[in-house]
Structures are given as structure tokens and as C-alpha cells.
Amino acid sequence: MHSMKEVNVEVLVVGGGTAGVSAALAAAEEGATVCLAEIGSGVGGVGTHTGVHVYYLGTHTGMQRKLDKEIQEVAGNLGGKVKGFHPEAKKIRLEERLAQNGVTILYDHLAVQVILEGKRVTGVVFESPYEVLSVRAKVVLDCTGNGDICALADAPFESGREWDGVMHAYSLPPRYLKEEAEIADFLNFDVGWVDSSSARDVSRALLEARKLLWDLPELGGDRLIAVGSQLGVREGRRIVGQYVLTLEDLALDRRFADVVMRCYSHYDNHAMDLANESRFAQIWEGVIGAWKDRIGCDVPYRSFVPVETDGLLIACRALSMDHDTSTAFRMQPDMHCVGEVAGTAAALCVQTGCLPRDLEVSALQRRLINRGVLKEGELVRQSAPWLTLDDDTREQRNWTVETVRRPEVQRRLIEALGTEQEGPAIWWLWKSGEKTIPLLKETLTKSEGKQQRGVAMALALLGDRAGAACLVRAVEEEALDAPPGFERFIPPRWIACLILLKELQEASCLEVMLDRLQRRNPTARLPAFSQILHVLHYLIAVSEQIPPDTLAKVKQAVYQLLAEPGLGEDWQVNMELDNSIRWNIEMTAAYLLVLLGEDNGYVILDGYMTDGRAYARNMAHRLKVRLLQKAVPQDERMEVQH
Ligand SMILES: Cc1cc2nc3c(=O)[nH]c(=O)nc-3n(C[C@H](O)[C@H](O)[C@H](O)COP(=O)(O)OP(=O)(O)OC[C@H]3O[C@@H](n4cnc5c(N)ncnc54)[C@H](O)[C@@H]3O)c2cc1C
């Protein structure tokens with residue numbers, strides 16, 4: 001055992017990845033003494049170690065714009081052509097800039113423990129092959145991607161989706177020579193699922209990914225150059241901060257008085273099993289059809305500040321947001337800004353002798369305007385929500401919940417139902433609130449066909465059952481039309497209607513759904529596994545309404561499903577490589593069985609409690625806890641949670 005050494009700095013940045021380098025540079029430029037500790041042996045994180053060397057959406061502001069030009073110059077000296085930025089050039093230039101600004105870089109240093117004084121983090125202990133080092137700091141920035149430092153400090157966090165705890169798909173991108181252009185590119189293929197907070201699961205995922213890599217047709221011949229040294233993890237812990245950003249905030253372009261940057265992307269969820277996603281996500285993608293629509297909003301300083309822990313800021317993709325938002329607010333340009341904001345805030349805390357939660361935000365905003373992260377006008381601008389009807393631009397109309405209630409706007413929205421612009425129209429009718437219900441009901445009786453179905457969908461979102469029969473008809477007739485958009489991510493209208501019937505807990509589709517569970521009609525838009533999951537979730541939603549004489553039939557259909565060979569094996573990762581989602585279907589079916597009074601469901605879940613895949617164990621645990629909570633009266637629930 002090495003003896004522990006101790007050093008003191010003003011700002012300690014843990015993690016030298018996408019956000020971490022920006023954080024360290026900003027803090028140093030603002031006058032703080034900075035130490036940057038990184039477990040790997042180079043800076044740049046996902047962009048350089050995983051090899052995702054392309055920026056996608058995000059806000060390109062602040063210091064990174066200048067840095068990117070400098071990186072391009074270095075790349076020119078290295079030679080060769082690379083899509084996006086040259087990862088080696090990025091490492092070289094970032095290291096030079098860190099050195100110029102006096103930042104101490106510690107490579108091969110793994111953060112293993114935090115030093116706490118009450119609820120305040122005052123330092124971090126690192127282990128390396130050569131030493132155990134304690135770094136004391138006035139402010140610590142958690143730039144580990146997964147929020148490791150916050151977790152070590154016992155800060156509350158969430159992870160994965162609410163239903164099954166599953167995190168966003170992971171990848172192990174290979175770099176290869178693209179035939180036509182003789183350019184080094186990377187393949188952003190999705191392998192499957194991983195629990196990124198479990199070292200064993202990350203190891204399993206790496207082994208699985210490497211085996212699959214060799215089936216990628218793009219890598220044939222002698223095209224492969226290298227494979228990323230670090231697993232491509234898209235989601236990990238999300239630390240609970242003073243404000244939790246939601247996808248609706250992004251969709252409505254919400255403004256916050258404590259804005260410190262803006263984020264920009266789309267609901268870039270790679271999951272093919274929409275039925276397992278949140279209620280909001282199913283509406284956004286499945287009903288509105290807005291998977292590809294660009295969205296973004298103000299990011300409040302409060303999302304950087306953990307609820308309880310102090311002396312620490314969240315400064316990476318573990319920022320305080322919900323799962324849906326984490327599919328959008330994660331791109332490298334946004335993470336550069338997150339780092340720059342946190343580094344600037346940390347230096348200001350040092351200068352003013354305050355804790356991060358007590359920082360005067362207006363002073364931070366002024367610094368960020370000087371640095372080019374924020375624009376002066378962004379402090380006073382109006383929200384400009386993103387979804388519009390085609391002939392409008394966002395600037396033209398700035399719709400708000402109040403303005404869409406105007407009769408002339410409502411007329412336009414209703415006219416758009418049943419057309420290609422139905423998605424945004426349904427969204428705004430929903431957002432305009434229950435005052436719209438009388439007009440919708442009146443239109444329901446006067447309209448027909450797709451427009452009537454659109455009216456029924458808007459009514460269902462507002463919690464009104466008047467159009468339920470129309471939705472049931474669309475499900476029975478298996479309406480296959482869909483809003484325009486990326487085919488793999490926008491389900492046909494009968495699924496949108498089923499999502500809304502589930503929302504209404506409308507059980508009159510029961511018989512049809514039992515039939516659908518056995519007789520599927522898969523299309524590229526809706527593979528069999530996806531249909532099965534939608535139907536199972538519908539049956540879960542209406543399980544309490546199943547009449548006694550139908551119960552046996554439902555159970556039989558579920559058992560029959562579970563016995564099906566090849567169940568869930570049509571699940572495909574992004575590059576059409578095969579994988580199986582059987583584990584998820586089996587556990588969802590098991591949950592339904594328990595609700596139907598079949599203890600066999602518990603047996604299935606118990607079987608997964610010892611599964612080799614941490615994400616499958618997590619799901620089994622989550623569903624079991626939920627079932628036990630359902631069985632226990634409200635006031636006795638605390639015990640079950642322990
Ligand atoms: C497969 C994949 C494809 C993507 N595609 C794109 C794309 O095309 N374009 C785009 O803009 N974005 C893309 N993204 C998103 C983006 O790259 C990431 O969300 C972003 O880079 C995350 O930045 P970060 O700073 O939070 O984490 P990272 O960049 O991962 O940095 C975290 C750093 O902390 C270090 N670290 C972790 N734990 C410790 C510890 N305990 N002690 C010390 N050091 C530690 C890590 O080694 C790493 O260097 C993609 C992401 C993935 C995974």
C-alpha cells in the first residue's frame with residue numbers, strides 16, 4: 001500500500017473528457033489554480049477515446065469554436081483525411097492549451113473516494129499504479145460522464161428509464177477507411193444495453209461488442225484502422241440537481257431566469273422499444289411523430305447544483321435532467337459548454353469565497369456573456385417553441401399556451417388534423433388545455449375519417465373519452481399511415497391510438513389486442529417485438545378491468561407468447577446486426593401475469609435476478625419492487641423500498 005500524499009488546489013476537475021477539458025481551461029483562464037485528474041492516458045473523452053470524432057447538433061458557442069480551428073491546424077500537420085475532427089490532433093492541442101494555462105494534468109488517476117466535511121465535498125482521493133493521492137480543493141467539478149464523484153458523495157441520482165431502468169443503447173465505434181472518399185470515418189453502431197455503473201457489465205458489453213464488430217460489412221477487406229479504447233456509453237447516472245430539466249422544457253423552448261447556456265438537439269433516442277419509454281416520450285415520438293424535430297431551451301444554473309451536496313458541481317452528461325432529456329442534451333458541443341459554464345462558475349466561487357449553491361448567478365451570466373457562451377439578448381428573449389405548422393417560422397409567431405387558445409389559431413389547428421401537419425396540431429391542441437375540449441367535441445361530430453381520428457387523439461391527450469370509439473376503430477382497422485419522418489422511429493397510427501387508449505385506460509380493445517398478441521403483422525415501421533410490447537403494456541394498463549370470463553383467455557395468450565420460439569429475436573441494433581430483446585418481453589409478460597393473479601410471474605422475475613447482465617437484473621428488481629409496492633398499503637411502503 002502506497003502512503004497517501006496530499007496536494008491543494010482551488011479547482012479540481014475530475015475527468016478529462018469532453019466537458020472536463022473545457023471546465024479546466026475555463027477555470028484556469030478565469031484565474032484559478034486547477035488540477036485535472038483523468039483515469040485514462042489522454043484527454044478528450046468520448047471524442048478521442050471512444051473515437052466519436054464528429055459533432056452532431058448542440059450549441060457551438062464559447063471557447064470551443066476557437067479551439068476547433070486550432071485543432072484543425074494541428075490535423076493539417078498530421079496529414080490524412082478524417083471525417084469531423086482528428087482525434088489525435090484534438091488530444092495534442094487540448095494538452096498544449098492546458099499546459100499554457102498552468103493546469104496540472106494527472107493521468108492514470110482513478111477517483112475512488114471523496115473527502116466530506118458534513119455535506120460539503122472538500123477533496124477527492126485518487127489511486128494510480130504509483131501513488132494514492134488526496135487532492136483538496138475549494139470547488140470540485142464532476143466531469144466523469146457518469147457522475148462518479150456525486151455518487152461517491154452519496155448525492156441522489158436516477159438512471160435509465162422509469163419502467164425497466166434500461167439506459168440508452170451503447171456502441172463500440174470502429175474507425176475505418178471509407179472506400180469512396182479514402183477518409184477515416186467511424187461507425188456509430190448500437191450493440192445493445194449496458195448498465196454503465198457496473199464495471200462487470202461494462203466488461204461484458206466490451207466483450208460482446210468486439211465479437212459483433214467483425215460482422216459489420218463496412219469493415220471488410222483491410223478497411224479497419226482502430227477500435228475505440230473506451231466503451232461508447234450514451235447514458236449513466238443523472239444526478240438530481242436543484243432543477244431537473246425535462247423534454248417538455250426543450251420542446252417549449254423554456255426560459256429560466258438563471259440561464260447559463262442553451263442546449264439544442266432532438267429526441268435522439270435509439271431505442272426501438274417505444275412501449276418501454278416514458279409516457280411523455282410515447283406521446284412525443286408515437287403520437288406527435290416529433291422524433292426528428294429540433295428542440296432546445298435555456299439551461300438553468302440550478303441543473304448544475306446537486307440538491308444536497310455542496311462544494312461540487314455536476315459538469316458532464318450526468319447533469320440534472322430526466323431520461324428523455326438525456327437522449328437529446330448530451331452532444332459534444334453542448335458538453336463543451338457545460339464544462340465552460342462549470343469551470344467559470346467554480347473560478348467565481350473561489351474569487352468570491354462562496355459555495356456553488358450561493359453563487360450570484362447574474363455575475364456568472366456576465367462572465368459567460370464575455371466568454372461568448374451566452375448572448376446578451378438571451379437574458380431577455382421570448383420563448384420560441386419548436387413545433388410549428390409548415391407555413392410558419394418560429395420567429396413569425398412565438399405561440400404560447402395563451403395565444404394558441406385564440407379562435408383563429410384553434411381553427412387552423414383543427415384544419416391541420418388528418419393532414420401531414422397533424423403532429424404539431426395535436427401538440428398545440430393538447431397544450432392549449434381543457435378549455436379546447438368543447439370545440440374539439442363539436443368538431444368530432446362534424447368531421448370524419450383521418451380528421452375525426454386526429455380530433456379523437458387530441459381529446460384523449462386532454463383526458464376526454466368522447467373520441468375513444470374512433471380510436472378503437474383505428475386500432476381494429478390497423479391504420480398503417482403515419483406522420484412524415486424517420487420510418488424506424490415513427491409508429492403507424494394504430495399504435496398511436498393504442499398509446500392513447502392506454503392513457504385513457506379504455507378496455508374495449510381487449511379482445512382485439514389478445515388476437516394481435518398472437519397474430520402479428522410486422523412491417524419495417526413496426527417489427528413484431530415492438531407490437532408485442534405495445535400490446536403487453538396496454539394489457540397491463542387495463543388489467544384491473546378484465547372481466548372474470550376473459551381472464552383465463554388472457555393468461556393463456558400470455559403463456560403461449562412466452563413459449564414462442566424466436567420471441568424477441570427480431571430486435572435489431574442500428575446497423576442491422578441481430579440481438580434479442582426476449583429478456584425484456586419475458587419480464588414485461590411476467591409483470592402482467594402477476595397482475596392477473598399468477599405467481600408464476602414472480603418465478604420468471606426471480607430467474608432474472610441472477611442474470612449475468614446487470615441491466616436485466618436491474619429490470620427484474622425494479623418490476624418486483626413495483627409489484628410488492630402495489631401489494632402493500634401506502635403507509636407501509638417505506639419498508640418495501642429498503
Ligand atoms: C456511441 C456514442 C455516439 C455518439 N455520437 C455523437 C455524435 O455523433 N456527435 C456528438 O456531438 N455527440 C455524440 N455522442 C455524445 C457525446 O459524445 C457524449 O455525450 C459526450 O462526449 C459526453 O461528454 P462527458 O464529458 O460527459 O463524458 P466523457 O467525454 O466520457 O468524459 C468523461 C471522462 O471522465 C473520465 N473518468 C470517468 N470516471 C472517472 C474517474 N472515476 N476518475 C477519473 N476519471 C474518470 C473518463 O475516462 C473520461 O475521459 C455520442 C456518444 C456515444 C457514446
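I count a polar contact as a pair of N or O atoms within 3.5 Å; within protein, one must be able to donate a hydrogen and the other to accept it, and residues adjacent in sequence count only if both atoms are side-chain atoms.

**Ground rules.** I am reading a predicted model, where local features need pLDDT of at least 70, side-chain atom pairs count only at pLDDT 80 or more, and totals for chains, interfaces and linings use all residues. I number residues from 1 along each chain as its sequence is written, and side-chain values use heavy atoms, with hydrogens and water left out.

One on Tyr56 is 3.0 Å from a ligand oxygen. One on Arg317 is 2.9 Å from an oxygen atom of the ligand. The protein covers 95% of the 1,000 Å² of accessible area that the ligand has on its own (Shrake-Rupley method, 1.4 Å probe).

**Ligand shell.** I find 33 residues around the ligand, taking a residue as near if one of its heavy atoms lies within 4 Å. The closest are Thr18, Ala19, Glu38, Val54 and Arg330. By class, the shell holds 16 nonpolar, 12 polar and 5 charged residues. Helix H9 gives the largest share, 3 residues. I take helices (H or I, at least four residues) and strands (E, at least two) as DSSP runs, numbered from the N terminus.

**Helix H13.** I moved on to residues 422-431. Just after H13, I note a positive phi of about 85° at Gly433.

Methods
Ala, Val, Leu, Ile, Met, Phe, Trp, Tyr, Cys and Pro count as nonpolar, Asp, Glu, Lys and Arg as charged, and the others, Gly among them, as polar.
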